[in-house]
Amino acid sequence: MFSNFLIGLREGLEASLVVCILVAYLVKTGNKDKLAPLWVGVGIAVALSLAFGAGLEFGTRELTFKAQEAIGGTLSVVAVGLVTWMVFWMRKTARHLRAELGAKLDAALTMGTGALVATAFLAVGREGLETSLFVWRAVKAADDGWHPVVGALLGLLTAVFLGWLFYRGALKINLSKFFTWTGGLLVVVAAGVLAYGFHDLQEAEFIGGLADKAFDVSGAIPPDSWYGTLLKGTFNFQPDPTVVQVTVWALYLVPTLALFLAPVGFGRSVGGEEQKATDENAAKAEPAGGGARGGDGTVADGERLRDGARRAGSGSVGDAG
């Protein structure tokens, strides 16, 4: 349940932060009349994500066991790839996310209502589809009834509430540290989902070695015990994994976590100047006095949103909220 709560919180907060930035930008630039198309785009993205999740759940029920395992294993690999890309992308672009979204929104405003709807849809839809796919695979891996779904929903609701607090200026946290810690935990969860996905592929007979167990601690950690259930629901722990599962888990987790937790500039030589120029351009795109920078140079997104909304007028913020 915790792993799905983390997924819902992490992915949901990214989507909420994107929506908050878009809404605050429209309010600040005097385009409150364009909020309706923005919410239409967000609504379509949410509906598509729910439909995608429902299609995954109900669309595979009539298939044979091997077909279900083959599809589930393949989608596990895809989900882990998407989530890994997402956590590295957010780690790299969080500093200038507001400037990037503002530029896209400016272009959409000049093109008309349809472009504005499309911008909101694309900004939120990607997060929604990733969440649906990864939660679906994590729920299948946990095999704990409805508890994982409840965990994911609680995470999403918490993310929406935090996003609202950010917009209202009632909450400030170091988003850089938040996304670093949750991203690291999500990499650990993804490693378990990936190992489970390869087990599915073994059961589908796409990969051999199903009978080759790396170890078996079922006696010490029974799968039906409370701590066995907790470990499985949190980290997708399996007491009797195959050699392939353990190998895949280690080959993914160790280098991915090491790269993710390394300093942002670690190992960068060629391309360093380009990234520096990008960061400087993003800083220039910020309105004067638009936010405070922490000791690590990362802009506090919550404060920027609050300051942008304040410049638009407290009455406008109340209406837009």
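**Helix packing and burial**

Modeller: Helix 3 (residues 65-93) packs against helix 9 (residues 243-261) at an angle of about 15°, and their axes are 11 Å apart. Axes here are lines fitted to C-alpha atoms, for helices over the stretch in contact, with angles running from 0 to 180 degrees between N-to-C directions. This is a predicted model, in which local features need pLDDT of at least 70 and side-chain atom pairs count only at pLDDT 80 or more, while totals for chains, interfaces and linings use all residues. Residues are numbered from 1 along each chain as its sequence is written, and side-chain values use heavy atoms, with hydrogens and water left out.

Biologist: Why are helix 3 and helix 9 called roughly parallel?

Modeller: Angles under 35 degrees count as roughly parallel, over 145 as roughly antiparallel, 65 to 115 as roughly perpendicular and the rest as oblique. The angle between helix 3 and helix 9 is about 15°, and the two helices are therefore roughly parallel to each other. Their crossing is right-handed, a term for a near helix turned clockwise from the far one by less than a right angle, anticlockwise being left-handed.

Biologist: Which residues of helix 3 and helix 9 meet?

Modeller: From helix 3, Val80, Thr84, Val87, Phe88 and Arg91 meet Tyr252, Thr256, Leu259 and Phe260 of helix 9, where contact means heavy atoms within 4.5 Å. By class, this contact has six nonpolar, two polar and one charged residues; Ala, Val, Leu, Ile, Met, Phe, Trp, Tyr, Cys and Pro count as nonpolar, Asp, Glu, Lys and Arg as charged, and the others, Gly among them, as polar.

Biologist: What makes Ala152 buried or exposed?

Modeller: Buried means under 20% relative accessible area, exposed over 50%, and partly exposed in between (1.4 Å probe, protein chains only). Ala152 has a relative accessible area of 5%, so Ala152 is buried. Ala152 lies in helix 6 (residues 147-168) and touches Asn4, Phe5, Gly8 and Val135, leaving aside residues up to four places away in sequence.

Biologist: How do you know which class Ala54 belongs to?

Modeller: Ala54, placed in helix 2 (residues 35-59), has a relative accessible area of 32% and is therefore partly exposed. The C-alpha atoms of Ala54 and Ser132 are separated by 8.8 Å, although these residues are 78 residues apart along the chain.

Biologist: How many helices and strands does the chain have?

Modeller: The chain has 12 helices and zero strands, these being DSSP runs (helices H or I, at least four residues; strands E, at least two) numbered from the N terminus. Of its 321 residues, 47% are buried.
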